[in-house]
Each structure stands twice: as structure tokens, then as C-alpha cells.
Amino acid sequence: MPDETPRRIDTSVPHSARIWNYWLGGKDHFAADQEAGDAYREVFPLIETFARESRGFLRRSVTYLAAEAGMTQFLDLGAGLPTVNNTHEVAQRIAPTARVVYVDHDPLVLLHVHALLTSTAEGATAYIEADMRDTDAVLDGAAETLDMSRPVALVISDVLGHIVDFDEALALVGRLVDRLPSGSCLALSHAAAADAGHAAAQETYNASGAVPYILRTPEQIARFFDGLELVEPGVVSWPHWHPDATTTSAAERGGWGGVARIP
């Protein structure tokens with residue numbers, strides 16, 4: 001890592017990736033993150049369950065893409081902090097030749113990027129430091145590892161809420177989808193407000209000085225898949241998408257997702 005990278009991280013301000021890490025039982029967080037995570041959980045106790053449900057959706061969707069859709073190329077936007085069942089780990093357990101590219105521009109992720117660059121001998125993993133909204137940088141960088149003339153699985157897991165303007169987030173997904181070859185797939189999840197308590201907890205977090213995250217409605221989340229061929233059961237709450245023996249479900253739903261084929 002460049003010497004200046006650690007100085008770009010302000011550990012006194014809560015950070016969504018570190019709070020997420022805390023909720024999932026990880027160790028890569030600081031006091032400010034734990035305090036913010038505890039405050040959020042006090043208002044909305046189900047948040048840790050939702051964090052696990054979101055991670056479960058990622059694991060099951062990548063499993064589907066590798067095992068049933070035959071995908072061997074993955075482009076993961078907003079890599080976040082490495083934890084269990086990262087995209088490359090799930091994909092390469094099923095398809096050892098899978099090639100995975102992560103995209104993030106968070107200096108915190110850079111400190112841990114070595115954990116995202118492990119790979120099977122037959123496959124490959126790579127990391128692009130770029131803003132996900134910079135479509136040219138993302139796709140040009142991905143082309144150094146992936147064959148962009150062949151189908152690619154685009155994975156967008158709970159990061160679009162950091163784009164405050166909905167139309168901008170919608171346009172970003174549209175630009176990426178339009179430039180991927182036919183037969184590619186989109187796996188996308190996004191947090192939604194389960195109830196008034198959840199919405200209030202998020203509003204308090206957004207006002208804390210941390211980078212805000214916008215909760216969106218199921219109807220808005222479904223719009224990211226406009227024009228694509230949805231895999232059954234469509235865009236549903238996280239635990240309802242291809243549940244398996246390890247899937248748990250909360251009484252209230254905090255996020256929605258789906259997988260679709262790009263015609």
C-alpha cells in the first residue's frame with residue numbers, strides 16, 4: 001500500500017463498510033463504527049439479521065450464476081471489506097476457472113485488498129480502484145482481466161444507496177448493462193425501509209456525518225431490472241430469493257434483490 005493511504009482514513013467518523021463488518025461479527029472496525037452500529041441497533045434491533053440476510057443473498061445469487069447460469073466472469077461493484085463468502089470464493093468453489101474483478105475507491109478497502117486477491121490457480125481475481133460511477137474506468141479496468149466480448153455477471157450488492165439521486169443510480173446501472181454483451185447477467189440487491197423504525201434509524205445515521213445511504217422502495221429497486229429477463233422468483237426480499245437450508249428470515253424485510261439475464 002502507498003504510505004499515504006492510511007492517512008486518508010478518518011477513524012473518528014463512522015464508516016458504512018466498517019459498521020457492516022461490525023454487524024457481521026468482523027474485527028475491522030473502530031470505536032466510532034461500533035458506537036454508530038450500536039446506536040442503529042438500539043433503534044432497530046433487526047439490523048444485524050438484515051446484514052446476514054443481505055450476505056446470504058450475495059452467496060446464493062453468485063452460486064446460481066456460477067452453477068446454473070454457467071458464468072465464469074464476475075464484475076463486483078463496491079467490493080467493501082472482505083468477509084466470509086466473498087464473490088470470488090463462492091464462484092471459484094463452483095467454477096475454479098472463474099475470473100473476478102472487484103471495484104471500489106474506498107481507501108479503507110485498499111488496506112484489506114490482499115484478502116480479495118486470493119484465487120484458485122486456474123482462475124484470477126483483480127481489483128480496480130475507481131468510482132463505480134465512472135463507467136469507462138470500470139469497464140476498461142475490468143477488460144484487463146475479463147474477456148468483455150463474453151458474458152459477464154455484474155454484481156451490485158447494497159451499494160447503490162450511496163448514490164443519493166435515484167435517477168443517477170438508475171442511469172449508472174443502465175450504462176453498465178448496455179455495454180455488457182448479450183447473455184451477461186445482473187445480480188443486484190438494495191436495502192429498503194422495513195418499517196418506520198428502520199427508516200428513523202437510517203435517517204439518524206445519515207445525519208451523523210457519515211456517507212449517507214438512501215433506503216429505497218421495492219418498486220424502485222425493481223426498476224433497476226427494467227428491460228432485463230428476470231430469473232424466478234423475480235425481485236423479492238432477500239430471504240425469499242432461492243432460499244436454502246441455511247437461509248433464515250426476519251418477520252420484517254429490510255432489503256430486496258434479484259438476478260436477471262441481459263438480452
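**Entry 1: rings.** I started with the aromatic side chains and found Trp20, Trp23 and Tyr40 linked into a cluster by ring pairs. A reminder to myself: this is a predicted model. I then searched the whole structure and came away with six aromatic pairs. One of them joins Phe44 and Phe50 in a tilted arrangement, with 5.4 Å centre to centre and 40 degrees between the planes. I checked burial too, and both Phe44 and Phe50 are buried.

**Entry 2: Tyr64 and Trp241.** Why do I call this pair edge-to-face? The ring planes of Tyr64 and Trp241 stand at 90 degrees, with the centres 5.8 Å apart, and an angle over 60 counts as edge-to-face. I placed Tyr64 in helix α3 and Trp241 in the loop between β7 (236-237) and β8 (255-261), so the pair ties together parts 177 residues apart in sequence. Tyr64 has 16% relative accessibility and counts as buried; Trp241 is buried at 0%.

**Entry 3: cores.** Next I looked up the largest nonpolar core, which has 44 residues. Among the members that touch the most others are Trp23, Tyr40 and Trp241. Helix α3 (residues 47-67) gives this core its largest share, nine residues. I also noted a second, separate core of 36 residues, including Val101, Ile128, Ala142 and Ile156.

**Entry 4: back to Tyr40.** What does Tyr40 contact, leaving aside neighbours within four places in sequence? I listed Trp23, Ile47, His198, Ala201, Gln202 and Tyr205.

**Entry 5: a pocket.** Last, I looked at the second largest pocket, with a volume of about 270 Å³. I found 13 lining residues, and Arg52, Arg55, Gly56, Arg59 and Thr246 lie nearest the centre. The lining divides into two nonpolar, six polar and five charged residues.

Definitions and conventions. Residues numbered from 1 in each chain as written. Predicted model: local features only at pLDDT ≥ 70, side-chain atom pairs only at ≥ 80, totals over all residues. Heavy atoms only, no water. 1 Å grid on protein atoms, 1.4 Å probe; cavity = no way out; pocket = protein on both sides within 12 Å on 5 of 7 lines; lining within 4 Å. Points joined across faces, edges and corners; volume = space filled by probe spheres on them. Nonpolar A, V, L, I, M, F, W, Y, C, P; charged D, E, K, R; others polar. Core = buried A, V, L, I, M, F, W, Y, C linked by side-chain atoms within 4.5 Å. Buried < 20%, exposed > 50% of the residue type's maximum accessible area, 1.4 Å probe, protein only. Helix = DSSP H or I, 4+ residues; strand = E, 2+ residues; numbered from the N terminus. Contact = heavy atoms within 4.5 Å. Phe/Tyr/Trp six-rings, centres within 6.5 Å; stacked < 30°, edge-to-face > 60°.
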